[in-house]
Amino acid sequence: MNRLGEVETKLAWVREALAQSGAEVCRLRGTDGFAWATAGGSSTVLLTAETGVAEVVVRPGEAFVLTDRIEAARLEAEELGGGELAGVLPVRAVPWGDGRAWEAAARGEATRVLSDRPGPGEAALPATLQARKRTMLPAELGRFRRVGRLAAEAVTEVLLAATPEMTELALAGAASAALRRRGLEDALALVAGERRLPLYRHPTAQDEPLGRVAMLVVCARGYGLVASLTRFVSFGHLSPELRAAHAEVSAAEAAVLAASVPGARLSELYHVLADAYRDLGHPAAISQHHQGGVAGYLAREAIATPDSPMTLAEGSVLAWNPSVRGAKIEDTIAMTGDGLEVLTLDPDWPHAPVNGLERPLVLERLDR
């Protein structure tokens with residue numbers, strides 16, 4: 001399926017949702033929804049914003065990209081295939097800053113509106129359409145493979161060059177630069193050195209040296225898809241305590257990956273992890289960090305909780321991140337017809353098979 005065919009397929013799904021819900025128009029405002037509907041286009045300018053400088057508007061008889069006159073030419077040339085999608089998703093531009101003109105172009109006379117970021121009087125997308133967004137087509141999975149590989153290569157590069165004297169801020173900056181050089185956006189870069197590693201699950205980088213061990217977490221976005229991975233470096237041999245902790249998170253991950261099969265519900269997998277932690281002697285770990293879930297056009301499209309309704313299917317992409325004090329494991333892993341496929345695997349990073357799947361080890365830098 002080429003890009004045009006993918007977009008046509010997704011527009012047909014949106015129109016099916018309109019017909020089933022009785023709505024007259026669907027507005028995809030989110031940066032994730034825009035990337036999904038355009039097969040990898042980006043409406044992002046401000047990286048921290050959930051919505052971008054354009055939206056995709058779909059009606060039963062037409063669809064278009066709505067933006068302002070500042071952005072129209074660039075979007076068409078650089079994000080929408082240089083006219084490749086013009087036949088199914090033409091660009092319509094309104095004057096910059098004219099909110100009334102924007103709303104009039106998007107809504108028209110419609111009174112029943114669906115949206116991925118609903119405004120007043122608008123309804124959320126139906127569950128069936130959300131499920132389709134969270135299940136990758138083969139072309140999407142191909143793009144995800146590229147994003148995952150490049151993200152993993154960037155992390156390997158910066159941790160091979162890291163030193164104990166480097167600050168957490170410097171390592172985070174190096175990771176961001178390595179991702180950018182590969183054409184990826186650094187949606188997240190967390191770093192914890194020796195002192196902070198046992199203290200926090202979400203360690204935003206600080207101005208202090210790494211010390212003898214460090215963790216780097218990245219969420220890398222490309223084509224709108226977000227690949228997440230966590231890696232550890234030890235300057236010298238890893239301590240017995242940390243080696244044991246990493247073995248424990250590997251065992252917890254192995255349990256949830258074995259249960260991650262088509263038809264499994266995220267709520268069931270949450271309890272698989274809870275049981276694994278209990279068996280490992282860490283019953284409180286399930287409540288000390290979210291455990292991950294399904295990835296896609298968001299770092300987590302859905303997170304596993306005791307009442308998560310989502311059911312996995314072939315084409316789901318997983319991003320589990322079990323953790324205990326001082327250790328964590330995380331990769332982006334696709335559910336394919338041939339089983340699980342690690343998308344964020346760099347062959348140059350040390351790894352070992354666990355239940356037939358290559359899993360990352362701690363990089364022990366004995367040169368330091």
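The largest pocket of this structure has a volume of about 740 Å³. A pocket is here, on a 1 Å grid over the protein atoms alone, an open set of points with protein on both sides within 12 Å along at least five of seven lines. Grid points are joined across faces, edges and corners, and a volume is the space filled by probe spheres set on the points.

The model is predicted: local features need pLDDT of at least 70 and side-chain atom pairs count only at pLDDT 80 or more, while totals for chains, interfaces and linings use all residues. Residues are numbered from 1 along each chain as its sequence is written, and side-chain values use heavy atoms, with hydrogens and water left out.

**Stop 1: the largest pocket**

Select Ala187, Cys219, Arg221, Val226 and Ala299, which lie nearest the centre of the largest pocket among its 37 lining residues. A lining residue has an atom within 4 Å of a point. Next, colour helix H2, strand S7 (185-192) and strand S8, each of which supplies at least two residues of this lining. Strand S7 gives the most, with five residues. Helices (H or I, at least four residues) and strands (E, at least two) are DSSP runs, numbered from the N terminus.

**Stop 2: the largest cavity**

A cavity is a set of grid points where a 1.4 Å probe fits but cannot get out. There are three cavities of 30 Å³ or more, and the largest holds about 60 Å³ of space. Select its lining: Leu197, Pro198, Tyr200, Arg201, Met215, Phe232, Ser323, Val324, Arg325, Gly326, Ala327 and Lys328. The elements that give two or more residues to this lining are strand S13 (323-324) and strand S14 (327-328).

**Stop 3: two tryptophans**

Which rings form the one aromatic pair of the structure? Select Trp13 and Trp36: their ring centres are 6.4 Å apart and their planes stand at 20°, so the pair is stacked. Rings of Phe, Tyr and Trp (its six-membered ring) pair if their centres lie within 6.5 Å; planes under 30 degrees apart count as stacked, over 60 as edge-to-face and the rest as tilted. Trp13 belongs to helix H1 and Trp36 to helix H2 (residues 31-37), so the pair ties together parts that are 23 residues apart in sequence.

Trp13 counts as buried because its relative accessibility is 16%, and Trp36 is buried as well, with a relative accessible area of 2%. Buried means under 20% relative accessible area, exposed over 50%, and partly exposed in between (1.4 Å probe, protein chains only).

**Stop 4: the two sides of helix H3**

Display helix H3 (residues 72-79) and select Ala72, Leu75 and Glu79, which are buried. They cover an arc of only 90° around the axis, which puts them on the same side of H3; the arc is that of the directions from the helix axis to the C-beta atoms. The buried residues of H3 pack against helix H1 (3-21), strand S2 (51-58), strand S3 (63-68) and strand S4 (91-94), where contact means heavy atoms within 4.5 Å.

Now turn to the face of H3 directed away from its buried side: Ala73, Ala77 and Glu78 are exposed there. After H3 comes Gly81, with a positive phi near 80°.

**Stop 5: a charge over a ring**

Select Arg92 and Phe64. Arg92 lies over the face of Phe64, at 4.0 Å from the ring centre. A charge sits over a ring if NZ of Lys or CZ of Arg is within 6 Å of the ring centre and within 35 degrees of the ring normal.

**Stop 6**

Leu238 is found in the loop between strand S9 and helix H8 (240-259). Is Leu238 buried or exposed? Leu238 counts as buried, at 7% relative accessibility. Not counting residues up to four places away in sequence, Leu238 touches Val213, Arg243, His246, Val362 and Glu364.

Move on to Ser267 in helix H9 (residues 266-279), which is buried at 10% relative accessibility. With residues up to four places away in sequence left out, Ser267 touches Thr305, Pro306, Asp307 and Ser308.

**Stop 7: two loop residues with positive phi**

Select Tyr223, in the loop between strand S8 (213-222) and strand S9 (225-235). Phi of Tyr223 is positive, near 55°, in a residue other than glycine. With a relative accessible area of 37%, Tyr223 is partly exposed.

Finish at Asn355, in the loop between strand S17 (351-354) and strand S18 (357-360). Asn355 is not a glycine, yet its phi is positive, about 55°. Asn355 counts as exposed, at 68% relative accessibility.
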